[in-house]
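Open the structure in your viewer and keep the selection tool at hand. The stops below say what to select and what is there.

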Amino acid sequence: MDIHKVILFYLFIIVCIPVVKAQEVDSSKVVPLDTSTVTVKSVFRKILEQPFTVTSITTNDLKNKVADAKSILDKVPGIRVMQSGGMGSDFNLTLNGFSGQNVKIFLDGIPIDQYGSSFNLNNISVNSIDRIDIYKGVVPVELGTDALGGVINIITNKKKNHLDLSYSFGSFNTHRASVNGSVYKPESGWVLRGSANYNYSKNNYKVYVPIVRNNMIEKYENVRRFHDRYYSGNIQLETGVMFKRYADQLLFGVIASADDQQVQHGNTMSTVYGGIIRNSKNIAGSVKYIKKDIFTDGLDISSYVSYNAQRSNIIDSLQGVTYNWLGETTVDTGSNLGELSRNYSTYNNKVLNLGVNLGYRINTNHSLSANYQFINYHRNVYDKFNPNKVENNFPKALSKGTVGLGYNANFFKIWKTSFFGKFYSLQAKGDKLVDFALPTQRTDVYKSNKTNVGYGVASTIFPLEGFQLKVSYESSVRMPLPDEIFGDGLFITANIDLNPERSHNFNFTFLYDLPVWKKNKLSFGSSFIFRNARDLIYRVATIASPITHYGNISDARTLGVEGNIGYKWNNLFHINANITYQNITDQSDFIYVNSTTNGGRQTNYQKGFRIPNIPFLFGNTTVGFNFKNVGLKESTLGINYIFNFVDEYFLTWSELGDKNTKKVIPKQSSHDIEAVYTVKNGKYNISLECLNVGNQKLYDKFYLQKPGRSFFVKLRYTL
């Protein structure tokens with residue numbers, strides 16, 4: 001059945017549902033970059049009542065967990081976070097089948113990818129977060145981005161006067177510390193907000209790996225990782241004025257961060273390293289300006305500009321040295337090769353980012369919105385060991401612009417609809433190897449200019465109290481990012497020929513919160529997902545090599561469904577469960593092989609098969625109890641049990657090779673237990689966690705083994 005007919009059919013259903021009298025909801029559609037001027041309850045309600053498929057997570061009940069933003073997201077329906085190891089390791093987040101940079105991540109409305117590895121989902125403590133908004137598939141104009149699969153917007157704490165201190169420690173010599181606070185002077189409007197986070201771990205958990213001697217596998221053994229230490233630190237400060245005649249908010253911010261990581265292995269565990277290190281330092285400044293009713297009633301503006309300077313190093317300094325998993329070395333005195341590719345490279349990245357949102361309320365039921373976002377990225381590379389490296393003589397540059405226009409309407413008090421269009425542009429400049437294996441082979445300047453147009457509609461209706469139906473469609477575009485085009489200098493090679501991704505995204509969602517009955521509260525929801533992507537950018541999985549790259553799949557389709565259910569009784573007992581199924585298949589008739597021998601257009605024998613290295617069935621369940629006044633007055637004891645499940649999936653294309661020897665990431669289940677004890681209504685807190693209680697072998701991302709059983713303690717004080 002043609003997808004456009006399906007979309008029209010569901011839109012027809014929404015329009016023809018009988019009009020039932022319901023509460024009027026706020027018609028304003030402009031979601032400001034910083035929402036501290038609105039109460040948390042109204043913002044949370046406003047987010048959920050949008051016509052877009054969106055989940056909003058408040059962290060009020062999560063701040064005592066030994067968690068970061070990444071681990072919180074891993075429990076959300078439709079999201080799976082795949083890691084290459086322990087703390088600080090590379091990770092890949094999938095949202096309804098789309099992964100990597102298909103999903104854009106924002107921090108208070110500003111794209112977070114510009115900050116580099118030292119300030120990302122790995123390094124942001126849950127104590128710094130107020131809530132997380134997850135838009136699945138279709139993305140509103142106000143977020144102004146070229147996301148293909150969705151957007152995650154992390155909203156940091158905006159309390160006017162508060163202090164939050166926490167420290168946690170546990171297995172693998174892991175330590176985390178977090179400080180968050182703010183001061184607000186209502187008489188002058190002056191505000192100062194700040195947060196600091198520190199993370200450290202040796203990551204020396206045991207893994208089951210081959211022991212290689214004399215280039216031969218002697219046996220498999222459980223050994224400890226020995227070169228995987230990671231630490232990072234970041235400070236975020238923001239100051240300015242609020243609630244002034246000329247500005248609702250005028251804030252100046254700075255983020256400084258740094259990290260240092262020993263590299264144990266690449267995209268496979270067949271090769272192990274004992275000397276490779278990468279580190280980075282980053283500083284970014286920003287200005288935010290927000291004003292309602294600027295120049296005229298109903299005209300609102302929300303804007304920011306930021307500039308980021310990042311310096312990172314990749315160091316592979318050993319010569320002729322090879323490690324095995326026991327930490328033993330083999331030395332070839334006649335070799336000048338490094339463990340991977342001997343280099344001492346310094347990357348200097350500069351990023352300018354600006355965004356402007358305009359919203360105009362025509363009347364109570366109708367409004368217009370406009371957004372503009374621009375990113376300019378520039379990279380210079382210098383290799384101290386190879387100063388004449390040809391490709392480093394070519395600066396890498398990328399500019400992206402996005403313009404969006406939207407119209408929002410409320411009909412009959414219970415029906416909301418948004419129409420929008422977007423324009424995208426990309427200019428990239430780098431180097432490319434020309435005439436490979438021919439006498440004229442050379443590296444030359446390569447430029448790429450691309451433009452695209454997207455559009456969409458989202459609609460929601462409230463036919464009954466507590467019941468909401470949503471349908472949305474978008475023809476979306478996602479432009480390649482710097483690391484995808486230029487590589488990361490270590491395990492990802494460049495591919496400047498990457499094409500932008502296009503996708504037809506369709507979501508149908510229903511949500512139902514049953515009225516509270518005799519202290520019982522029940523809620524459930526489900527979404528149907530359809531994605532048809534052209535030139536889908538994906539990370540190519542390999543078995544033998546630690547090196548990978550990004551490529552395009554000309555035609556990929558995702559069919560999926562997700563569901564969640566929650567039950568609570570008298571604030572004493574609660575249970576929440578969710579499950580996600582996503583069937584992501586290659587639908588290309590032909591592929592293009594870039595080779596001087598037997599290259600060109602060829603039949604695609606992978607058509608109809610699932611894209612590898614992406615889980616298709618996963619979920620989790622949480623069961624918990626809360627007890628009041630245990631031992632002390634004004635105290636609470638909470639106990640939670642979490643069950644996690646991922647079905648088996650293939651590492652590489654399932655139709656290739658012998659079925660009996662094919663690399664499969666096995667079916668996995670794990671169990672976590674946590675206990676939280678609070679005193680003085682949450683002023684003093686202590687929590688205990690045991691992750692992977694059964695010490696199961698868990699794998700993720702290219703069949704890389706995750707930590708086994710681990711224990712953590714967290715102490716927290718709030719004021």
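Is Asp 164 buried or exposed? Asp 164 is buried, because its relative accessible area is 4% and the cut-off for buried is under 20%. Keep in mind throughout the tour that this is a predicted model.

**Stop 1: Asp 164 and its partner**

Colour strand S9 (residues 162-170), which holds Asp 164, and strand S41 (residues 710-718), which holds Arg 716.

**Stop 2**

Select Lys 70 and Asp 68 for one of them: the closest N and O atoms are 3.7 Å apart. Lys 70 has a relative accessible area of 6%, so this residue is buried. Asp 68 also counts as buried, at 3%.

Next select Lys 292 and Asp 300. Their salt bridge has its closest N and O atoms 3.7 Å apart. Here Lys 292 is partly exposed, with a relative accessible area of 37%, whereas Asp 300 counts as buried at 4%. Then select Asp 74, Arg 80, Asp 700 and Lys 706 together; salt bridges with shared partners join them into one network.

**Stop 3: the nonpolar cores**

Which residues have the most contacts inside the largest nonpolar core? They are Ile 79, Leu 93, Ile 134, Ile 152 and Ile 154, in a core of 28 residues. To see where this core comes from, colour the elements that give two or more residues to it: helix H3 (69-73) and strands S2 (79-83), S3 (91-95), S5 (103-107), S7 (129-136) and S8 (150-156). In soluble globular proteins, nonpolar side chains tend to be buried together.

Centre the view on Ile 154. Apart from neighbours within four places in sequence, its contacts include Ala 69, Ile 105, Phe 106, Leu 107 and Leu 121. Asp 108 and Arg 131 are also among the residues that Ile 154 contacts.

A second, separate core has 13 residues. Select Ile 47, Tyr 135, Phe 420 and Ala 458, which are among its members.

**Stop 4: Ser 399**

Go to strand S22 (residues 396-411) and pick out Ser 399. This serine counts as buried, because its relative accessibility is 14%. Which side chain does the side chain of Ser 399 meet in a polar contact of 2.6 Å? The partner is Asn 376. Now show the surroundings: leaving out residues up to four places away in sequence, Ser 399 touches Phe 374, Ile 375, Asn 376, Ser 425, Leu 426 and Gln 427.

**Stop 5: Ser 335**

Finish in the loop between strand S19 (329-331) and strand S20 (343-363), where Ser 335 lies. Ser 335 is buried, because its relative accessible area is 18% and buried means under 20%. A polar atom of the Ser 335 side chain lies 3.1 Å from the backbone nitrogen of Leu 337.

Beyond residues up to four places away in sequence, Ser 335 touches Gln 319 and Gly 320.

How values were computed: Residues numbered from 1 in each chain as written. Predicted model: local features only at pLDDT ≥ 70, side-chain atom pairs only at ≥ 80, totals over all residues. Heavy atoms only, no water. Helix = DSSP H or I, 4+ residues; strand = E, 2+ residues; numbered from the N terminus. Buried < 20%, exposed > 50% of the residue type's maximum accessible area, 1.4 Å probe, protein only. Contact = heavy atoms within 4.5 Å. Polar contact = N/O pair within 3.5 Å; in protein donor to acceptor, adjacent residues only side chain to side chain. Core = buried A, V, L, I, M, F, W, Y, C linked by side-chain atoms within 4.5 Å. Salt bridge = Lys/Arg side-chain N within 4 Å of Asp/Glu carboxyl O.
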